[in-house]
Amino acid sequence: DKPFVIDKEYAMKLHNKIEVFRQATRTKKQIFLVIISSNGVKNNIYSEELISKVVTLQDLFKSL
């Protein structure tokens, strides 16, 4: 019922996952982190730094 909050600890976990993916795939391409959340993500320094796009349930069920 509230937006998801990314704190310092979770931001470090996400950053580590990105680095593991980068090393495992040996990609030199840019990696975009997208969050799918029912109520969005609360904007803070961690979410602004890491998250490229937030997809909500409203986005998924929007009529075209």
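Me: How is a residue called buried, exposed or partly exposed here?
Reply: Buried means under 20% relative accessible area, exposed means over 50%, and partly exposed lies in between, with a 1.4 Å probe and protein chains only. This is a predicted model, where local features need pLDDT of at least 70 and side-chain atom pairs count only at pLDDT 80 or more, while totals for chains, interfaces and linings use all residues. Residues are numbered from 1 along each chain as its sequence is written, and side-chain values use heavy atoms, leaving out hydrogens and water.

Me: What makes R22 and E19 a salt bridge?
Reply: The rule asks for a side-chain nitrogen of Lys or Arg within 4 Å of a carboxyl oxygen of Asp or Glu. The closest N and O atoms of R22 and E19 are 3.2 Å apart, so the pair qualifies. R22 and E19 are three residues apart in helix 1, about one helical turn.

Me: How do you know that E9 and K13 form a salt bridge?
Reply: Their closest N and O atoms are 3.9 Å apart, which is within the limit, so E9 and K13 count too. By this rule there are two salt bridges.

Me: Why is E9 called exposed, and K13 partly exposed?
Reply: E9 is at 52% relative accessibility, so it passes the mark for exposed. K13 is at 45%, so it falls in the range between.

Note on methods
Helices (H or I, at least four residues) and strands (E, at least two) are DSSP runs, numbered from the N terminus.
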